[in-house]
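Here are some exercises to work through with the model open beside you. Try each task before you read its solution.

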Amino acid sequence: MGADTVTTASNSTSPASTVGADRVPSVFISYRRDESLPTASAMARHLREDLSSVCVFRDEDDLIGGQDWRRALETAMASAAAAIVLAGSDWAGGARPGERRIDDVEDPVREEVRQALSPSTRVRAIPVLLDGASPAPNVPDDIAELFDAP
């Protein structure tokens with residue numbers, strides 16, 4: 001699926017103000033800012049416009065300055081029904097296993113995917129390969145399931 005065929009959107013109210021309140025995210029968008037920020041922004045916008053009853057979480061829209069962002073991401077993921085994982089050609093964050101960002105256990109994208117795949121969250125992880133990208137080879141075991149065929 002090409003990047004131009006995938007869209008997302010935000011709700012008219014900021015999900016940051018609703019996480020833990022009366023509305024919780026039902027779609028979590030995971031992405032690398034340096035690689036797929038425009039696509040993630042467009043996807044959030046379109047989902048919010050086209051599916052107004054769906055609450056969408058995207059970090060730049062929904063995190064509040066000074067907030068414990070790791071805890072906020074964890075809370076948003078735990079309340080999501082689906083996680084859309086945008087993966088472009090540099091999603092792994094480098095070429096060599098062991099030196100890539102995705103290999104770092106502290107990598108936020110890896111943590112988001114790990115949480116999405118955790119049986120305790122029951123989130124449907126949906127990988128979206130952008131611009132003709134292929135699944136990253138040799139991803140860490142704790143997130144390798146992301147690119148497994150259903």
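**Exercise 1. Work out whether Arg-58 is buried or exposed, and which residue it forms a salt bridge with.**

Solution. Keep in mind that this is a predicted model.
- Step 1: Arg-58 has 5% relative accessibility, so it counts as buried, the cut-off for that being under 20%.
- Step 2: Arg-58 forms a salt bridge with Glu-60, and the closest N and O atoms are 3.8 Å apart.
- Step 3: check the partner. Glu-60 comes out at 39% relative accessibility, so this one is partly exposed.
- Step 4: zoom out. Arg-58 and Glu-60 belong to a network of salt bridges that also links Arg-33, Arg-48, Asp-59, Asp-61 and Asp-62.

**Exercise 2. Describe the surroundings of Asp-59: which residues is it in contact with, leaving aside its neighbours within four places in sequence?**

Solution. 
- Step 1: Asp-59 sits in helix α3, which covers residues 59-62.
- Step 2: get the burial. Its relative accessible area is 16%, so Asp-59 is buried.
- Step 3: list the contacts. With those sequence neighbours set aside, Asp-59 touches Tyr-31, Arg-33 and Leu-73.
- Step 4: pick out the polar one. The side chains of Asp-59 and Arg-33 make a polar contact at 2.9 Å.

**Exercise 3. Find the strand order of the open sheet, then say which strands are at its edges.**

Solution. 
- Step 1: trace the 4 strands. The order is β2-β1-β3-β4, and the pairing is parallel.
- Step 2: find the edges. β2 (56-57) and β4 each pair on one side only, which makes them the edge strands.
- Step 3: go through the pairs. β1 and β2 are joined by 2 bridges, with Val-27 partnered by Val-56 in β2. Between β1 and β3 there are 4 bridges, and here Ile-29 stands opposite Ile-84. β3 and β4 share 6 bridges, and Ala-83 has Ala-125 of β4 as its bridge partner.
- Step 4: α4 touches β1, β2 and β3, and its direction makes about 130° with that of β1.
- Step 5: Helix α2 (residues 33-50) lies across β1, β2 and β3, at about 145° to β3.
- Step 6: get the handedness. β1, α2 and β2 form a right-handed β-α-β unit.
- Step 7: look at the side chains of β1. Val-27 and Ile-29 point one way, Phe-28 and Ser-30 point the other way, and all are buried.

**Exercise 4. Explain why helix α5 can be called largely enclosed, and what covers its buried residues.**

Solution. 
- Step 1: count. Of the 10 residues of α5 (residues 108-117), 8 are buried, so the rest of the structure largely encloses this helix.
- Step 2: name some of them. The buried residues include Val-109, Val-113, Ala-116 and Leu-117, and also the charged Arg-110, Glu-111 and Glu-112.
- Step 3: find the cover. Among the elements over these residues are β1 (27-30), α4 (69-79), β3 (82-87) and β4 (124-129).
- Step 4: follow up Arg-110. It has a relative accessible area of 9%, so it counts as buried. Arg-110 forms a salt bridge with Asp-142, closest N and O atoms 3.0 Å apart. That pair links distant parts of the chain, as Asp-142 is in the segment after β4 and Arg-110 is in α5, 32 residues apart. Asp-142 itself is partly exposed at 34% relative accessibility.

**Exercise 5. Show what the salt bridge between Asp-107 and Arg-32 ties together.**

Solution. 
- Step 1: check the distance. The two side chains meet at 2.7 Å, N to O.
- Step 2: Asp-107 is in the loop between β3 and α5 and Arg-32 is in the loop between β1 and α2, so the pair ties together parts that are 75 residues apart in sequence.
- Step 3: check burial. Asp-107 is buried at 5% relative accessibility, and Arg-32 is buried at 5% as well.

Note on methods:
Residues numbered from 1 in each chain as written. Predicted model: local features only at pLDDT ≥ 70, side-chain atom pairs only at ≥ 80, totals over all residues. Heavy atoms only, no water. Buried < 20%, exposed > 50% of the residue type's maximum accessible area, 1.4 Å probe, protein only. Contact = heavy atoms within 4.5 Å. Pairing = 2+ DSSP bridges. Axes fitted to C-alpha atoms, helices over the stretch in contact; angles between N-to-C directions. Polar contact = N/O pair within 3.5 Å; in protein donor to acceptor, adjacent residues only side chain to side chain. Right-handed = clockwise from strand over helix to strand, strands pointing away. Salt bridge = Lys/Arg side-chain N within 4 Å of Asp/Glu carboxyl O.
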